[in-house]
Amino acid sequence: MKPSGLLIVALFASAMCPEILRADPIRRAERLETLAIDAETGFSVDRYELKAGTYYRWRIATDGRDTYTILAQELFANSWIDKVTMEDVEMRVSGLHALTFEDESEVDLWFVPLRIGIYTYTAEGLEALGFTGEVMVK
């Protein structure tokens, strides 16, 4: 019997960070407050507190008035990214660098943070206008 890809990822991730052993990615993801991006006011949420090893669903929604590239490289690098969904499209990715929005849209990121730390997220080029936030993983 061939091992499932999820089992292999979980075993690999657990070797990197024991907190993943507490995660159960098969169960329902904990929904984070939606990060709404507005050209006039910036990010609707500037701080999230997460637990390492917990499965999350993070919705990011944009107003479509500008092009936004959301950067969170350290968070993405220190998380197991399960999938990214937009409308009826589901994408399985092996890594994630950024999310770019050109129109009004919503994207869901399904992930498990693996390492404790404080990680920033920004809208590239708009940091000085308040498009910054942080994710604290405990």
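**Notes on the predicted model**

1. T85 is found in strand β7, residues 79-86 (strands are DSSP runs of E, at least two residues, and helices runs of H or I, at least four, numbered from the N terminus). At 13% relative accessibility, T85 counts as buried (under 20% relative accessible area; exposed is over 50%, partly exposed in between, with a 1.4 Å probe and protein chains only). Leaving aside neighbours within four places in sequence, T85 is in contact with E90, E106, V107, D108 and W110 (heavy atoms within 4.5 Å).

2. A word on the ground rules: this is a predicted model, in which local features need pLDDT of at least 70 and side-chain atom pairs count only at pLDDT 80 or more, while totals for chains, interfaces and linings use all residues. Residues are numbered from 1 along each chain as its sequence is written, and side-chain values use heavy atoms, with hydrogens and water left out.

3. D108 pairs with R59 at 2.8 Å, N to O. That pair links distant parts of the chain, with R59 in β5 (residues 56-62) and D108 in β10 (residues 106-113), 49 residues apart. D108 is buried at 6%, whereas R59 is partly exposed at 24%. E90 meets R92 with the closest N and O atoms 3.1 Å apart; E90 is partly exposed at 43% and R92 exposed at 54%.

4. By this rule the count comes to 12 salt bridges. One of them joins K138 and E49 (3.0 Å, N to O), bringing together the segment after β12 and strand β4 across 89 residues. D38, E40, D63 and R65 are linked in a network.

5. Strand β12 (residues 132-137) runs parallel to β4 (residues 47-50), with four bridges, and antiparallel to β11 (residues 117-123), with six (strands pair if DSSP finds at least two bridges between them). E134 stands opposite R47 and also opposite T120.

6. Finally, confidence: mean pLDDT (the predictor's confidence in each residue, from 0 to 100) is 84 for the protein chain, and 80% of its residues reach 70 or more. Confidence is highest in β4, at 98, and lowest in helix α1 (residues 5-16), at a mean of 41. Where pLDDT is low, the predicted coordinates should not be read in detail.

Terms used:
A salt bridge is a side-chain nitrogen of Lys or Arg within 4 Å of a carboxyl oxygen of Asp or Glu.
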